[in-house]
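Subject: Structure handover

Hello,

Here is the structure for your files. Please open it first; my notes follow below.

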Amino acid sequence: IHGWWATHLDSLFPGVFLTDPTDKVAFKEFRNKCKNGLVFPFCFGSTYDSVGENMGIKDKAIINMIGDEFAKKHEGVTKWQNALKQSMLHNGYIVNGFKRRFRAPLRPNQIINYPIQSTASDLVITAMSRLARQSVVEKIPYICPRINIHDDLSFYIPTEKLEEALMIILPTMLDTRDYEFLPVPLLAEVTTGQHWADQHELGTF
């Protein structure tokens, strides 16, 4: 979806966003800009003006056209957003996948954002708790997460124990058997390094 919107915007406005669409590095950078500045913000209820500012589009007519096209192309997302807003109006609260309630007053973007971000947070916290408990029961201290930042769990693992540790950590993090609300598999991106500022991607599992 991010690549599609990058290609689509370039086709609508040739030379404005990309001087050379065949430049893979430049395209990847623009794709990331579309991901963080357009796709996710629209999915999470940002205003057209906010997305226009993210993308450097000052013409309101253009960003309105893009926003309307996004809503039409991703009709399921639009229906889901409207259903959340109606639920808030009717019940005075919204719920995440774990049935936690978030009550009014909430801004329109919070109504849309909270069920997703809080569910993701609860998934990570649940995995963190499971691994912490498992590290004590099985006496494997390095499978206990040391740091939790947003959707990231960081571990201190001896280099020679990395493969062994991942064989325990990944199945625990990706186990969805207790989540009836989650009909799709989870993914975990693994990076390794001697310190946080020097990480190398190991793979997506």
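Where is the place of proline 105? Proline 105 sits in the loop between β2 (101–103) and α6. Helices here are DSSP runs of H or I with at least four residues, strands are runs of E with at least two, and both are numbered from the N terminus. Proline 105 counts as exposed, because its relative accessibility is 77%. The classes are buried under 20% relative accessible area, exposed over 50% and partly exposed in between, with a 1.4 Å probe and protein chains only.

Some ground rules. This is a predicted model, where local features need pLDDT of at least 70 and side-chain atom pairs count only at pLDDT 80 or more, while totals for chains, interfaces and linings use all residues. Residues are numbered from 1 along each chain as its sequence is written, and side-chain values use heavy atoms, with hydrogens and water left out.

Overall picture

The protein has seven helices and six strands. From the N terminus, the order is α-α-α-α-α-β-β-α-β-β-α-β-β. Along the principal axes, the C-alpha atoms fill a box of roughly 60 × 50 × 25 Å. Of the 205 residues, 33% count as buried. Take the contacts (heavy atoms within 4.5 Å) between residues at least 6 apart in sequence: 45% of them join residues at least 24 apart.

Pockets

The largest pocket has a volume of about 2,200 Å³. A pocket is an open set of points on a 1 Å grid over the protein atoms alone, where a 1.4 Å probe fits, with protein on both sides within 12 Å along at least five of seven lines; lining residues have an atom within 4 Å of a point. Volume is the space filled by probe spheres set on the points, which are joined across faces, edges and corners.

The lining of the largest pocket holds 50 residues, and Asp151, Asp152, Leu153, Ala188 and Glu189 lie nearest the centre. Helix α6 gives the largest share, nine residues. Elements supplying at least two lining residues include α2 (24–43), α7 (162–174) and β5 (189–192). By type, the lining divides into 33 nonpolar, 13 polar and four charged residues. Nonpolar covers Ala, Val, Leu, Ile, Met, Phe, Trp, Tyr, Cys and Pro; charged covers Asp, Glu, Lys and Arg; the others, Gly among them, are polar.

The second largest pocket has a volume of about 220 Å³. Its lining has 14 residues, with Phe42, Gly45, Ser46, Tyr48 and Gln81 nearest the centre. Here α5 gives the largest share, five residues.

Helix packing

The axes of α1 (residues 2–12) and α2 come within 8 Å and cross at roughly 105 degrees. So α1 is roughly perpendicular to α2, a class that runs from 65 to 115 degrees. Axes are lines fitted to C-alpha atoms over the stretch in contact, with angles from 0 to 180 degrees between N-to-C directions. Trp5 and Leu9 of α1 are among the contact residues, as are Phe27 and Phe30 of α2. The contact comprises nine nonpolar, three polar and two charged residues.

One arginine

Arginine 130 lies in helix α6. Arginine 130 counts as buried, because its relative accessibility is 18%. Beyond neighbours within four places in sequence, arginine 130 contacts Thr172, Asp175, Asp178 and Tyr179.

Best wishes

Definitions and conventions: Angles under 35 degrees count as roughly parallel, over 145 as roughly antiparallel, 65 to 115 as roughly perpendicular and the rest as oblique.
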